[in-house]
Amino acid sequence: MNLEQQLRKYLVMGSQDCDRDPLSILDEAVAAGITAFQFREKGEGSLQGDQKYQLAAALQKRCEAAGVLFIVNDDVELFRCLNADGIHVGQSDEHVKAIREAHPHAVIGLSVSDLTEWENSPVELVDYLGAGPVFPTTSKKDANPVSGTKWIRELKEKQPDMPVVGIGGITTENAHEVIEAGASGTAVISAITQAADIRRAVSEL
Ligand code: TZP
Ligand code: MG
């Protein structure tokens with residue numbers, strides 16, 4: 001699988017997003033066919049220090065065994081310690097340039113939610129862009145204004161060869177709009193973590 005294919009069904013999750021054991025949620029999602037996973041342990045109720053590390057390591061092990069791309073959100077130190085496949089950063093996180101210099105082969109993802117952010121970002125150094133929030137989301141308290149699928153179309157016009165992943169409020173019902181707009185994949189938290197039937201949710205995505 002190339003990176004675009006690996007980004008197709010992208011689960012983003014931390015313990016704060018789970019009403020039950022994150023490991024069993026990941027196991028179900030992996031069995032159902034997710035292609036990428038991002039460990040995003042942040043916000044209210046998130047784990048810190050060694051607990052965070054232990055959970056990340058256990059989740060990574062499962063991803064490795066299943067050939068699922070394992071990406072760490074924000075935490076460069078954790079990404080290094082785990083020797084993860086990649087890291088996803090936002091606009092205010094550690095600068096992409098330094099990460100790329102230190103890790104020439106890592107998968108680097110960068111969030112861009114509007115044209116100004118895109119213009120001011122070192123997009124030539126990253127492997128994919130996260131675009132959103134595409135739809136209203138309740139999973140991220142400090143989310144930017146909704147960008148719609150229009151933003152994905154704009155990005156693909158600017159950089160046709162850059163893989164783009166839509167994120168924010170994506171459900172099994174609206175995921176097709178994200179793909180139709182040109183995204184390589186959909187990144188979701190609640191559509192999988194809160195699904196009554198994870199197997200079905202992943203398959204419908
Ligand atoms: N970044 C932009 S929106 C969002 C993140 C991490 C939250 C996505 O969660 P959900 O539940 O899929 O809307
Ligand atoms: Mg961030």
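This is a predicted model: local features need pLDDT of at least 70, side-chain atom pairs count only at pLDDT 80 or more; totals for chains, interfaces and linings use all residues.
**Entry 1: L11**

Is L11 buried or exposed? I counted 29 other C-beta atoms within 10 Å, so L11 is buried. The residue sits in strand β1.

Next I looked up what L11 touches. Leaving out neighbours within four places in sequence, I get A29, I34, F37, V188 and I192. I also checked L11 against R40: they are 29 residues apart in sequence, and their C-alpha atoms are 9.9 Å apart in space.

**Entry 2: the rest of β1**

I widened the view to the strand, residues 9-13. How many of the residues of β1 are buried? I find 5 of 5, so I noted the strand as mostly covered, taking 20 or more C-beta atoms within 10 Å as the buried cut-off. K9, L11 and M13 point one way, while Y10 and V12 point the other way, and all of them are buried.

Which strands pair with β1? One partner is β8 (residues 185-188), joined to β1 by 3 bridges and running parallel. I looked for the partner of L11 in β8 and found V188. V188 had already turned up in my contact list for L11.

The other partner I noted is β2 (residues 36-39), which pairs with β1 in the parallel sense over 4 bridges. Two of the residue pairs I wrote down are Y10 with A36 and M13 with F39.

**Entry 3: β2 and F37**

I then checked the two faces of β2. A36 and Q38 are on one side and F37 and F39 are on the other, and all four are buried, so I put both faces down as covered, again by the cut-off of 20 or more C-beta atoms within 10 Å.

Which residues does F37 touch beyond four places in sequence? The list is L11, L26, L59, C63, V68, L69, F70 and I71.

**Entry 4: the nonpolar core**

That list sent me to the largest nonpolar core, which has 56 residues. Which of its members touch the most others? A29 and F37 do. Helix α2 (residues 22-32) gives this core its largest share, 5 residues.

**Entry 5: the barrel**

In what order do they close up? There are 8 strands in a barrel, going β1-β2-β3-β4-β5-β6-β7-β8, with parallel pairing. From one strand to the next the twist averages 25 degrees.

I picked one more pair to look at. β5 (residues 107-112) and β6 (residues 128-131) run parallel and are joined by 4 bridges. S111 has G130 as its bridge partner in β6.

**Entry 6: L110**

L110 is in β5.

Beyond four places in sequence, L110 is in contact with V89, V96, S121, V126, L129 and G130. I also noted G90, which is 20 residues away from L110 in sequence but 5.7 Å away in space, C-alpha to C-alpha.

D74 has a positive phi of about 70 degrees, and D74 is not a glycine. I found D74 in the loop between β3 (69-73) and α4 (76-82). With 19 other C-beta atoms within 10 Å, D74 comes out as partly exposed.

N83 also has a positive phi, near 50 degrees, and is not a glycine either. Its loop runs between α4 and β4 (86-89). Is N83 buried or exposed? N83 is exposed, because I count 10 other C-beta atoms within 10 Å.

Which peptide bond did I log as cis? The bond from G132 to P133, with omega near 0 degrees. P133 lies in the loop between β6 and α7 (150-158).

**Entry 7: ligand 1**

I finished at ligand 1. Which of the 15 residues around the ligand come nearest? I have T137, S139, G168, I189 and S190. Sorted by class, the shell holds 8 nonpolar, 6 polar and 1 charged residues.

Terms used. Residues are numbered from 1 along each chain as its sequence is written. Chains are lettered from A and ligands numbered from 1 in the order in which they are written. A residue is near a molecule or strand if its C-beta atom, placed from the backbone, lies within 6 Å of it. Ala, Val, Leu, Ile, Met, Phe, Trp, Tyr, Cys and Pro count as nonpolar, Asp, Glu, Lys and Arg as charged, and the others, Gly among them, as polar. Two strands pair if DSSP finds at least two bridges between them. Axes are lines fitted to C-alpha atoms, for helices over the stretch in contact, and angles run from 0 to 180 degrees between N-to-C directions. A nonpolar core is a set of buried Ala, Val, Leu, Ile, Met, Phe, Trp, Tyr and Cys residues joined through C-beta atoms within 7 Å. A residue is buried if 20 or more other C-beta atoms lie within 10 Å of its own, exposed if 12 or fewer, and partly exposed in between; C-beta atoms are placed from the backbone. Two residues are in contact if their C-beta atoms, placed from the backbone, lie within 7 Å.
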